[in-house]
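Colleague: I have a model open and would like to go through it with you. Can we start with the overall picture?

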Amino acid sequence: MEALIMTGPSRGTDRTEVREVQTPRPGPGQVTIDVAYAGINFLDVMARRGDTGYASSWPYAPGMEASGTVRETGPGVSGLTAGQRVAAFTGTGGLADVALVGAEYVVPVPDGVPARLAAAAPLMLTAALLLLEDAAGFQPGRTVLVHSASGGMGNAFAQLVPLLGGGRLIGTVGRPEKAASALRSGYDAVVARGDDLVQAIREATDGAGVDFVLDPLGTAMLETDLAVTAPGGRVVLFGNAEGGRLEPLPPAGRLIGGNLSVGGFSIRGLWSAAPGRAAAGLRRALDLLAEDRLDLALNEVGSLADVPAVHQSLAEGRGEGKYVVRLQG
């Protein structure tokens with residue numbers, strides 16, 4: 001079978017290649033999946049550049065989410081059968097013809113959900129749903145600020161906020177030309193990150209500030225986040241896309257005095273530590289897709305050979321929306 005392999009850390013595509021590798025067989029508690037579509041994520045880029053905690057060793061097989069059909073089940077697996085349509089958090093190795101994954105990370109796909117949409121659910125859509133509901137504690141009618149609003153997660157937030165009761169959505173983008181796509185996805189206002197960002201966000205909220213901040217940029221924007229968050233608001237850090245050093249959080253006195261809170265979220269960490277909770281989130285995300293209540297904009301590429309160029313586009317900040325690659329079907 002073919003799989004995408006990263007042979008060592010790099011900021012370019014020079015160490016990413018498609019290789020012929022041995023087809024895996026499931027062990028106890030495991031499942032193999034014939035992959036129809038796989039999600040392409042910025043987390044793959046973080047692994048490629050050697051960020052701590054992503055690629056544990058080299059060569060590394062990227063790919064954290066996929067959809068397809070069960071190929072084979074290992075001993076002790078129940079509730080999953082060969083040929084069944086599923087989506088899975090693969091962790092690694094999802095960008096391949098066949099993925100090997102623990103059964104607890106696999107969820108059946110409801111009838112009517114296309115495989116290409118299901119491939120975006122285990123990591124991206126589940127993360128967006130749990131970020132809003134659990135980590136941020138979203139309440140209808142409140143104002144949400146999203147950094148990197150033109151990306152796949154940004155699009156998912158724009159789809160989910162109306163389903164959760166509605167609210168005002170403010171987005172930021174790294175490049176001014178990306179504002180239009182974020183506005184099309186449903187944001188009420190979008191501003192490019194720059195020296196006057198705090199003022200621009202305050203103007204977009206008529207001076208009231210925001211109630212929730214969803215920030216994938218590590219701590220690079222934390223001072224801005226705190227400056228625009230209204231009393232009682234919450235900042236949720238859910239990544240470190242910049243890849244820089246994470247700064248210490250503000251002193252407790254500042255948070256207490258400002259009636260502010262700062263929290264963290266990692267969908268990878270949740271799948272690892274509490275797979276039952278993550279799987280429940282994935283089931284809900286798939287149900288929303290089955291009910292045709294989401295209109296995710298996906299960019300599809302046709303082969304594993306196309307994926308390194310997508311990774312590079314994401315690394316350089318040129319990507320917009322969510323990307324998936326078709327492996328079969």
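Colleague: What radius of gyration does the chain have, and what would a compact globule have with 329 residues?
Modeller: The chain has 20 Å, which agrees with the value near 20 Å for a compact globule with 329 residues. The radius is taken over C-alpha atoms, and the globule rule is 2.2 Å times the number of residues to the power 0.38. Mind that this is a predicted model: local features need pLDDT of at least 70, side-chain atom pairs count only at pLDDT 80 or more, and totals for chains, interfaces and linings use all residues. Residues are numbered from 1 along each chain as its sequence is written, and side-chain values use heavy atoms, with hydrogens and water left out.

Colleague: What does the C-alpha trace span along its principal axes?
Modeller: About 55 × 40 × 35 Å.

Colleague: How many helices and strands?
Modeller: The chain has 11 helices and 15 strands. These are DSSP runs numbered from the N terminus, helices being H or I with at least four residues and strands E with at least two.

Colleague: Which domains does the assignment give?
Modeller: Domain 1 is 2–120 + 296–326, and domain 2 is 125–267. The bounds come from an automatic or database domain assignment. Their C-alpha centres lie 28 Å apart. With contact meaning heavy atoms within 4.5 Å, 14 residues of domain 1 and 15 residues of domain 2 take part.

Colleague: How much area do they bury between them?
Modeller: About 1,100 Å², with 48% of it on carbon and sulfur atoms. That is the accessible area (1.4 Å probe) lost on putting the two parts together, summed over both. On the domain 1 side, L296, E320 and G321 lose the most area to domain 2, together 40% of what that side buries.

Colleague: Which residue does D34 pair with?
Modeller: D34 forms a salt bridge with R71, with the closest N and O atoms 2.8 Å apart. D34 is in strand β3 (residues 30–40) and R71 in strand β4 (residues 65–73), so the pair links parts of the chain 37 residues apart.

Colleague: New topic. Where is the cis peptide bond?
Modeller: From W58 to P59, with omega near 0°. P59 lies in the loop between α1 (42–48) and β4.

Colleague: What phi does N259 have?
Modeller: A positive one of about 55°, although N259 is not a glycine. N259 is found in the loop between α8 (252–258) and β13 (261–264).

Conventions:
Salt bridge = Lys/Arg side-chain N within 4 Å of Asp/Glu carboxyl O.
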